[in-house]
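Visitor: Could you put the model up and walk me through it?
Guide: Of course, here it is.

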Amino acid sequence: MKTKKEKLPTIAIAPDGCCNYLTPGKEYLITDFWDEKDVEFGYCFNIEDNDGLILHCLEFGCEFLNGKSWSLK
């Protein structure tokens with residue numbers, strides 16, 4: 001029996017209270033995943049911030065969100 005491969009999210013949405021180089025509610029394109037999904041941190045992924053810099057993000061407890069979590073879709 002084959003199991004379905006989990007579809008990876010493609011969009012990360014910043015919450016209120018994020019750092020000033022991100023915009024709350026804005027959808028950021030996930031450009032790369034750099035690790036397997038972790039039980040504690042969720043997905044580890046890259047996005048490009050408002051200034052064009054690449055950020056290495058954690059789904060849960062991300063430093064760029066002041067410890068908050070991304071909404072992924």
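Guide: What follows is a talk about the sheets, the aromatic residues and the charged side chains.

Visitor: What kind of model is this, and how is it numbered?
Guide: It is a predicted model, in which local features need pLDDT of at least 70 and side-chain atom pairs count only at pLDDT 80 or more, while totals for chains, interfaces and linings use all residues. Residues are numbered from 1 along each chain as its sequence is written, and side-chain values use heavy atoms, with hydrogens and water left out.

Visitor: Which residues of β5 are on the covered face?
Guide: The covered face of β5 has L55 and C57, and the uncovered one has I54, H56 and L58. In a regular strand the side chains alternate between the two faces of the sheet.

Visitor: And the other sheet, what's its order?
Guide: That open sheet has 3 strands in the order β2-β1-β6, again with antiparallel pairing, and its edge strands are β2 (27-29) and β6, each pairing on one side only. Strand β1 (residues 11-13) is joined to β6 by 2 bridges, and A12 stands opposite L72 in β6.

Visitor: Switching topic: how many aromatic pairs are there?
Guide: The count comes to 5 aromatic pairs, taking rings of Phe, Tyr and Trp (its six-membered ring) as paired if their centres lie within 6.5 Å, with planes under 30 degrees apart called stacked, over 60 edge-to-face and the rest tilted. F45 and W70 form an edge-to-face pair, 5.9 Å centre to centre with 70 degrees between the planes. F45 lies in strand β4 and W70 in the loop between β5 and β6 (71-72), so this pair ties together parts that are 25 residues apart in sequence.

Visitor: Are those two buried or exposed?
Guide: F45 is buried at 0% relative accessibility, and W70 is buried too, with a relative accessible area of 4%; buried means under 20%, exposed over 50% and partly exposed in between, with a 1.4 Å probe and protein chains only. Y28, F33, Y43, F45 and W70 form one aromatic cluster.

Visitor: How many salt bridges, and which residues form a salt bridge?
Guide: The count comes to 1 salt bridge, a term that asks for a side-chain nitrogen of Lys or Arg within 4 Å of a carboxyl oxygen of Asp or Glu. E27 forms a salt bridge with K73, the closest N and O atoms being 2.6 Å apart. The pair links distant parts of the chain, with E27 in strand β2 and K73 in the segment after β6, 46 residues apart. E27 is partly exposed, with a relative accessible area of 43%.

Visitor: What's around D49?
Guide: D49 is found in the loop between β4 and β5, and its side chain reaches the backbone nitrogen of D51 at 2.8 Å. Leaving aside neighbours within four places in sequence, D49 is in contact (heavy atoms within 4.5 Å) with Y21, L22, Y28 and L55.

Visitor: And what does E59 touch?
Guide: E59 has its place in the loop between β5 and β6, and, not counting residues up to four places away in sequence, E59 touches K37, F41, G42, Y43, F45, S69, W70 and L72.

Methods: Helix = DSSP H or I, 4+ residues; strand = E, 2+ residues; numbered from the N terminus. Pairing = 2+ DSSP bridges. Polar contact = N/O pair within 3.5 Å; in protein donor to acceptor, adjacent residues only side chain to side chain.
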